[in-house]
Amino acid sequence: MSMLLSLDQITPVLRPQIGGKASALAQLARQGFPVPRACCLPVQVYNTYVDATGLRERILMELNRKDFQEMRWEEIWDAALRIRNMFLTTPLPAEMAAALTAELQGFFGTAAVVVRSSAPGEDSAQASFAGLHESFVNVRGGEAIVQYILLVWASLWSDAALLYRQELGLDVAASAMAVVIQELVAGECSGVAFSRNPNDETQTVIEAVYGLNQGLVDGVVEPDRWLIDRQNRRLTHVPPSSRPAAFQPEGETVVLRDLEPRQSAVPPLTEAQVWEIFTLAQQSEAAFGSPQDVEWTIRQGQIYVLQSRPITTVATEDKDQRPWYLSLHRSFENLKVLRRRIADELLPAMTAAAEALQQEELTSLTEAELAAAIRHRQEIYSHWVAVYWRDFIPFAHGMRLFGQLYNDAVRPADPYEFMILLAGAPLASLERNRRLATLAEQVRQDRDLAAKVRHREFDALPSEFKEALDEFLARFGDLSCPATGGQCQQGPEAILRLVGIMADQPPRPPAQPESAATLTKAFLDQFSGQKRQEAAEILELAQASYRLRDDDNLYLGRIEAQKTAAVNEARRRLQGRGLDLPADLPAEEILKALLDPTYTPQLPEKSEGTATAVIEQARQLIGQPAGPGLARGPARVIQAFPDLADFHHGEILVCDAVDPNMTFVIPLAAAVVERRGGMLIHGAIIAREYGLPCVTGVPDATRLIHTGDTITVDGYLGMVIIE
Amino acid sequence: MPSEKIRQTAPQGLPPEIRLLLASQQLAVLATHRQGQPHASLVAFAASADGRQLLFATTRTSRKYVNLQMDPRAALLIDSRGQTAADFHEAQALTAKGSVREVTGAERDGLASLFLAKHPHLREFVGAPTCALMALQVQVYEVASRFQQVLTYRFSP
């Protein structure tokens, strides 16, 4: 029995099986619009595939590890990456693959095609999935088409698509995907037409670029634009700033090529062609009975309609969350610009800000001046936190961009194998840990020195060791402030204690991923020519993204430490007045008390849970496997920075989120457990560097696990077992 | 989804997922042993309002009854599996551990009507002179969900 449906076999009742895109194309063909030859693979084939291979339940198990509402975007991305890899590494059952390949071969021969998503519920008047699911252009031959069908199916489970479906309240478990396979029409120019301008209903908008419309859809190529008044047919042409390049099919892919000067000089459409497309858009609107977004191309003077879908933004412009979901994904070009901005502007500015604050003498300020200084520092800190979210977090997408490229090219069994290629680059917090290790090694070798360190005889330390200590403090001292008790001791006490503990243990060098070079070569060998160069550039960008993901926290930590220092100075003065200040007193209360000597600071009221006769205990908790390995040991739960001071060798670090300023205890830890989820978050990165088992995204980790509990961390399966 | 009636009769004090399982499931797997040899059997069960007692009925000649006479310690597994692949992400399993005693006299009358309210078709069986009504006094519940997550709920003594 045939799996494919050609356009003339499709009737309107089939829409639930073939999705909006295929349905619209069939209707256009029926009504005589010029459309390329195409066929559709209905959702039934998707369902057969996921049932026969067990993929359906694997996907739902992956998504059900945790309540979707509780998942951070990073965790959703991680889940989406793992699901995508399931599709990449799960071929169609042999018989099905053979039959489908033969059918596709029979239908298209060796003609180049476009493989597009056509999910039911997609492109309806209520919801538009434009841009959320993937399309692949210039694919040739049955076998290759089947491979891309798997990727289109996988895009049903992309992070952006998952978030958007969640937003619309669609049932994730019932999701299925049909696929449209369409002959590629390599037009000389292409574009879109909105029969009604989403911003002005009296107009029709036409946008056109040379070559394929890839660049227009992705925003890489700026189009020529025509606005047409629907009433009086007045035409306004808005040319782009320039027309440097166009997307062309080449080999088995699509590349951006420079345009000839004679083409760059003129718009891609003549005025007659603009009117032809205008007419087409109006006809499409009439055919479907609603405003349409028509994608078209022109080859040798002949117009083809590639797809037509309802414009959803007419009514629901403000509610459309797609731009935001899509903005989570950054293009390579975008990331390159962001990288320069971060390296050349933002990090130097952060360093300067922290240094300037460090110069201020807090002790000599009056109470009012100190209050002003605290507010000033809070503002500076808030500013950089905003920058962190706006620029640093999106830059982390560099790792993801590379991860997807790597998985597509290599198809590894472990979807996080790509992390090995990123590690080994110098991280600022590892540099700090290395220096600590050097100091500890000196103590380990020298019994006399060890005794002095143990008894904190700072003045009796040999001058060489003292200098090394001072140098460490000068460079990292302000970072250790919040980490050694919430108060800046401005002395070597805490560092000495740490060095002492480390010296009592055998040294633990960071793990050295030996196979990084081999894997890098194997990865690059998947590409040739220009693509190989691009792959190497994306790897390099990803490595920068990986380093920054660690370092940005340290830079932010320095500014936070300055804010904390000012608050602590205020606490010191209030305690001098005889006030008893709880450790978790908000800064606002401290400020009030500082300015008003009669004010008694108050703790915010806490709502206590209703007491029950039942005692809840965790036996086994589920998170994400973020660092492979198995470890067992006593838990050290970090509720606040002072808890770190008690950290002992061989304990398992359990915390809400590994703050970079906490990482100095990682070389002492047997494993890491974190409430915050993600594979690419700070704690996971550092744990992998040290080869420690790590589980992230464990809900309520710091509530359900108690300091002293004996726990086992299974970093392979992402579980924590409490004895 | 459970009906409103089930919700109302669900035991209070325990987390909702446990109460729901206790109210919505009919059958449970009882584990006993004889000289170290484990024995598993399927029983109809009902829970007391606070979830501290789980009731089941058995004849005094049954293997489980004999086993429990020798060692009253037992476990009861209650789960929401539907025997499909979806169980791996949907099903929950609840293990109750404690010791079992036979209820007699006036207490038996009260608990029998609680048991029969859930299993009216067992009226004749429970009423037979050879049938014992048993109560598992639960010390701890272990609930497994999301395939691998396990939380325990211990009754304070």
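1. Let me start with a charged cluster: E367(A), E569(A), R572(A), R573(A) and R577(A) are tied together in a network of salt bridges. A salt bridge here is a side-chain nitrogen of Lys or Arg within 4 Å of a carboxyl oxygen of Asp or Glu. Over all chains, the search of the whole structure turns up 39 salt bridges.

2. Some housekeeping before going on. This is a predicted model, with local features needing pLDDT of at least 70 and side-chain atom pairs counting only at pLDDT 80 or more, while totals for chains, interfaces and linings use all residues. Residues are numbered from 1 along each chain as its sequence is written, chains are lettered from A and ligands numbered from 1 in the order in which they are written, and side-chain values use heavy atoms, with hydrogens and water left out.

3. One salt bridge worth a look joins R196(A) and E285(A), whose closest N and O atoms are 2.8 Å apart. This pair links distant parts of the chain, 89 residues apart: R196(A) sits in the loop between β6 (189–194) and β7 (203–210) of chain A, and E285(A) in helix α10 (residues 271–288) of chain A. Helices (H or I, at least four residues) and strands (E, at least two) are DSSP runs, numbered from the N terminus. R196(A) is partly exposed at 23% relative accessibility, whereas E285(A) is buried at 10%. For these words, buried means under 20% relative accessible area, exposed over 50%, and partly exposed in between (1.4 Å probe, protein chains only).

4. Then there is a pair within one helix. R444(A) forms a salt bridge with E441(A), with 2.4 Å between the closest N and O atoms. Both residues belong to helix α17 (residues 428–445) of chain A and lie three residues apart, about one turn of the helix. R444(A) is partly exposed, with 26% relative accessibility, and E441(A) is partly exposed too, with 29%.

5. D525(A) and K521(A) make another salt bridge, the closest N and O atoms being 2.8 Å apart. Here K521(A) is exposed at 52% relative accessible area, and D525(A) is partly exposed at 43%.

6. Now the interface. The contact (heavy atoms within 4.5 Å) takes 20 residues from chain A and 19 residues from chain B. About 1800 Å² is buried between chain A and chain B, and carbon and sulfur atoms give 56% of that area. In chain A, E57(A), N64(A) and V614(A) lose the most area to chain B, together 28% of what that side buries. Buried area is the accessible area (1.4 Å probe) that two parts lose on being put together, summed over both.

7. What holds for polar pairs at this interface? Between chain A and chain B the count of salt bridges is zero, but ten residue pairs are in polar contact across the interface (both at pLDDT 80 or more). A polar contact is a pair of N or O atoms within 3.5 Å; within protein, one must be able to donate a hydrogen and the other to accept it, and residues adjacent in sequence count only if both atoms are side-chain atoms.

8. On the side of chain A that touches chain B, α3 (55–63) and β14 (614–622) of chain A are the elements that give two or more residues. β14(A) gives the most, with nine residues.

9. Strands count as paired if DSSP finds at least two bridges between them. E616(A) has Y153(B) as its bridge partner in β7(B).

10. Within chain A, β14(A) is joined to β21(A) by three bridges, again antiparallel, and L621(A) has V720(A) as its bridge partner in β21(A). Strand β20 (residues 710–714) of chain A is joined to β21(A) by four bridges, and these strands run antiparallel. V713(A) stands opposite V720(A) in β21(A). The hairpin of β20(A) and β21(A) has four residues between the strands, and G718(A) takes a positive phi near 75 degrees there. Strand β21 (residues 719–722) of chain A is covered on both faces, with M719(A) and I721(A) buried on one side and V720(A) and I722(A) buried on the other.

11. Last, an open sheet of five strands in chain A, in the order β1-β2-β5-β3-β4, with antiparallel pairing. β1 (5–6) and β4 (135–140) of chain A stand at the edges with a single partner strand each, so one side of each has no neighbour in the sheet.
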